[in-house]
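The exercises below go through one protein chain step by step, each with a worked solution. Please look at the sequence and the structure before reading on.

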Amino acid sequence: MAMQAALTEPSAKAGVEVYAPERSLLVASILSMSGGFLDAFTWLSLGVFASSQTGNVVFLGVYALSGQWQRALHHLLPLAAFVLGAVVAVRTRAVRGCLVGGIVCLTAALLLLHRAPDQIVILGISFGVALQSASFRQVGRWKYLSVTVTGNMLRAIDQFVDASDPDAASGAGTMLTLCLTFLLGAAAGGCVTKWLGTWSLALPIASSMCVLWLCRRRNHPR
């Protein structure tokens, strides 16, 4: 009897799933759309990329080698702020706290844009974006990034060619969905920024608040 109980207990535990809203496709899609939106907004408004740091690295190298140090510094600021925000998020592992921190940073940027030096606004936006993106990096059982499409595209290709994984098609579809939402966010950011200007930041702030509401419940077995 004791042996039978010992054999059945692991299988019972294995059947328990943990509800993790922060790993849902809905949350990942909202954050990816917000990432694309913020890149379009900051590029049109401030001449830098808040989310995808690849562009900043490219411009940093180009301007530094050509001796345009002021322009190079302009692209170094968001890169440094993003790294700092990512370190804070990884060290604290406080998902909801980092999400709230991101909302605070974006709200401060909304209030300070065109009222304070652009460098301060850039630092705030990139730091806030890093807090969120470094805290939300898994959708289902797959890793993803909400601030770029290159890594997600490569993961989608990996899933397409992985014949050994029975969930490969689902994983590929998930990654492609995030690439598409990032694209839609960038397109919306370009249009809305030209229309609303500074107040365009209200949309990614609302998106982050929506994610915070979706993640309000603690993880629990189901």
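**Exercise 1: The chain as a whole**

Of the 222 residues of the chain, 44% count as buried, where buried means under 20% relative accessible area, exposed means over 50%, and partly exposed lies in between (1.4 Å probe, protein chains only). This is a predicted model, in which local features need pLDDT of at least 70 and side-chain atom pairs count only at pLDDT 80 or more, while totals for chains, interfaces and linings use all residues. Residues are numbered from 1 along each chain as its sequence is written, and side-chain values use heavy atoms, with hydrogens and water left out.

Task: describe the elements of the chain, its contacts and the confidence of the model.

Solution. Begin with the elements, taken as DSSP runs numbered from the N terminus (helices are H or I with at least four residues, strands are E with at least two). The chain has nine helices and four strands, and from the N terminus on their order is α-β-α-α-α-α-α-β-β-α-α-α-β. Next take the contacts, meaning heavy atoms within 4.5 Å: among those in the chain with a separation of 6 or more, 75% join residues 24 or more positions apart. Finally consider pLDDT, the predictor's confidence in each residue from 0 to 100. The mean pLDDT of the chain is 87, and 88% of its residues reach 70 or more, whereas pLDDT stays under 50 over residues 1-17, for which the model has five contacts beyond four places in sequence.

**Exercise 2: A patch on the surface**

Task: find which residues form a nonpolar patch on the surface, and which helix supplies the largest share of the patch.

Solution. Start from the rule that patches are made of residues with over 30% relative accessible area and no salt bridge, like charges being joined within 9 Å and nonpolar side chains (Val, Leu, Ile, Met, Phe, Trp, Tyr) within 5 Å. The nonpolar patch consists of Leu154, Ile157, Phe160, Val161 and Leu176, which together have about 530 Å² of accessible area, a quantity that comes from the Shrake-Rupley method with a 1.4 Å probe, only the protein chains shown counting as cover for residues. Helix α7 (residues 150-161) supplies the largest share, four residues. Phe160 lies in helix α7 and is exposed, with a relative accessible area of 58%. As a general point, an α-helix has 3.6 residues a turn, so residues three or four places apart point the same way.

**Exercise 3: A salt bridge**

Task: state how many salt bridges are counted, and which residues take part.

Solution. A salt bridge is a side-chain nitrogen of Lys or Arg within 4 Å of a carboxyl oxygen of Asp or Glu, and by this rule the count comes to one. Arg141 forms the salt bridge with Asp167, their closest N and O atoms being 3.6 Å apart. The pair links distant parts of the chain, 26 residues apart, with Arg141 in the loop between β2 (138-139) and β3 (142-143) and Asp167 in the loop between α7 and α8 (168-196). Arg141 is partly exposed, with a relative accessible area of 46%, and Asp167 is also partly exposed, at 36%.

**Exercise 4: Helix α8 and what follows**

Solution. Leaving aside neighbours within four places in sequence, Gly189 is in contact with Phe37 and Ala40. After α8 comes Gly197, whose phi is positive, near 65°. Not counting residues up to four places away in sequence, Thr198 touches Phe41, Leu110, Leu113 and His114.

**Exercise 5: His114**

Task: decide whether His114 is buried or exposed, and say where His114 is placed.

Solution. His114 is placed in the loop between α5 and α6 (118-135), and at 59% relative accessibility His114 counts as exposed. Although not a glycine, His114 has a positive phi of about 70°.
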